[in-house]
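Please read the following account alongside the sequence and the coordinates, which are shown first.

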Amino acid sequence: MQRPKPPLNILIVEDEPLIAMDLEMMVEDAGHSVVAEATSLYDAEELNDDLQPHLAFVDIQLALDTSGLDVSQLIQKRWPRTIIVFVTANPKIIPDDFAGAHGVMPKPLSRSGFLSAMKYIQEGVCDPPPTVQQPNSFTASPAFAATWNK
Amino acid sequence: MDQRDNWHLTDLLHAERGRGDPFAAAVRSTRMPMAITDPAQPDNPIVFVNEAFQLLTGYSREECIGKNCRFLQGDNTDPVAVAKVRKAVEAGDDIAIDLLNYRKDGSTFWNALYLSPVRGEDGAVQFFFASQLDVTERVESQRRIAGQKEQVDHEVRLRTADLEALLEAQSLLLHEVDHRVKNNLSVIGSLLRMQIRGAEEPVVRRALRSTMERVDAMAAIHRRLYQADDVRYFELSSFVVNLIQDAVNASAYNSLTLDSSVQRTVLPSEKATSAGLLINEVLLNLFETYLPLAAVKLDCHSDGKTISVTIGTRLLSKTPHHEMPAISAKLIARLAAQLEADVAWDRTLDGTSATIRIPVSSNHAET
């Protein structure tokens, strides 16, 4: 399977504008690019099919009373190869099987936490398996490791 | 018939015992109601009742003689209990049982009946002897207590369900508030990062970066707060381990090694932020960028009363230490004072060791 090379195309699904800005800047600091942003499930539905992001950061509590869990399902249907990482202040409400997503980054984020998580995820996407240790800021689901063998 | 003539009736019993017999006298005069039936006659009729029996039931002797004992039963008498008595009589067995009986005036009483066969020398049953006892008070008392207990149990179940619902609601509220705090901390961190980008002066960037690192430490505390099963306590040990691991990972010195010896230690949740910020401030000082770090050692232990966290560094090359920034020194002093903690420094050119000792509970509080 052809693995993408950096810079990765990243989708950010987050309803807090300042946090979304922050994520965007940190993504760019890590050498990747943000190709789209969405604040709710409805926003996500309107995204173009051609988008094909390599990676999506998805908050759980979104605008207009929608849920990141539903956005994750949507992404899995439209772009099955996209790696989905939940970014949330409430990791406890994520089901044990992560509902098919690949990991979670608990909020509040720290800069060093985000960068070390990004490094680990990048290695998992571009050149698996990752050589760095899984950082404290990121918890992978078994689904993530499953993509490394394909 | 006059009660004093009742001894004549012993003649009717065809007993071998006669007048002047002390046993017969006892039966006649005892305060315990008693009756004797004759199974040889059809339907096992009563052939003798003593005075106490007449007083208990309200029937005179004439009204009792010749009737089967069942005449004392009525609509509310338990047929199951009656059947047990009948079976005992048929089998010639003893039986002790509570029966609901009716007096002549229609009122009811609980009768603790004790029935036993009287056998002749040949072993055959000659008579049935029955004693009665009014146990209405005991039976009703038992029922009342059972009813009350059921009611109390019911109330307890309702109350417990109420309390459980309340606890659930409070727990949800705690997590909801905590969630908002975490989101707000996220926004603060984001604002600082943006400010750093927008700042051109290195001095300003450095100042903002220090603030950002302190806010990041608070964020790390809040990520862990209220996550444990017992929300009253904060697991300081895992927080410190994470803090140091993140610092090691973020360090420019790629060959930096971490050696840790950590015992699980907890602190009351209300001390979490201060303790976390204090340890973070010490760590920031040990990890100042001008220090060429080779190795870091972490020790975290508790003796039950005091938590000790020791962070030690070893440098790649001898480096004199710079004076700690005033704000750092002030933060450490104030936070330590608030926690009644102390920080001891051992600085050498080859590295520095700092030991933070935090009492688990306040020295002024009662343990």
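**A helix and its surroundings**

The buried residues of α4(A) pack against β1 (9-13), α1 (17-29), β3 (55-58), β4 (83-88), β5 (103-106) and α5 (142-148) of chain A, where helices (H or I, at least four residues) and strands (E, at least two) are DSSP runs numbered from the N terminus. This is a predicted model, in which local features need pLDDT of at least 70 and side-chain atom pairs count only at pLDDT 80 or more, whereas totals for chains, interfaces and linings use all residues. Residues are numbered from 1 along each chain as its sequence is written, chains are lettered from A and ligands numbered from 1 in the order in which they are written, and side-chain values use heavy atoms, with hydrogens and water left out.

Helix α4 of chain A comprises 16 residues, 111-126, and spans 22 Å from its first C-alpha to its last, close to the 22 Å expected at 1.5 Å a residue, the expected span being 1.5 Å times one less than the number of residues. Among its buried residues are A:Phe114, A:Met118, A:Tyr120 and A:Ile121; buried means under 20% relative accessible area, exposed over 50%, and partly exposed in between (1.4 Å probe, protein chains only).

**Where the chains meet**

Across the interface, 23 residues of chain B are in contact with 20 residues of chain A, contact meaning heavy atoms within 4.5 Å. The two chains bury about 2100 Å² between them, 54% of it on carbon and sulfur atoms, and this area is the accessible area (1.4 Å probe) lost on putting the two parts together, summed over both. Two salt bridges are counted between chain B and chain A, a salt bridge being a side-chain nitrogen of Lys or Arg within 4 Å of a carboxyl oxygen of Asp or Glu. A:Asp29 forms a salt bridge with B:Arg197, with the closest N and O atoms 2.8 Å apart. On the side of chain B that touches chain A, the elements giving two or more residues are α5 (136-198), α6 (202-224) and α7 (236-250) of chain B, and α5(B) supplies the largest share, twelve residues.

**Salt bridges within chain B**

Over all chains, the whole structure holds 22 salt bridges. B:Glu63 and B:Lys104 meet in one of them, at 2.6 Å from N to O; because B:Glu63 lies in helix α3 (residues 61-64) and B:Lys104 in the loop between β3 (95-102) and β4 (108-119) of chain B, the pair ties together parts 41 residues apart in sequence. B:Glu63 is partly exposed at 25% relative accessible area, and B:Lys104 is partly exposed at 48%.
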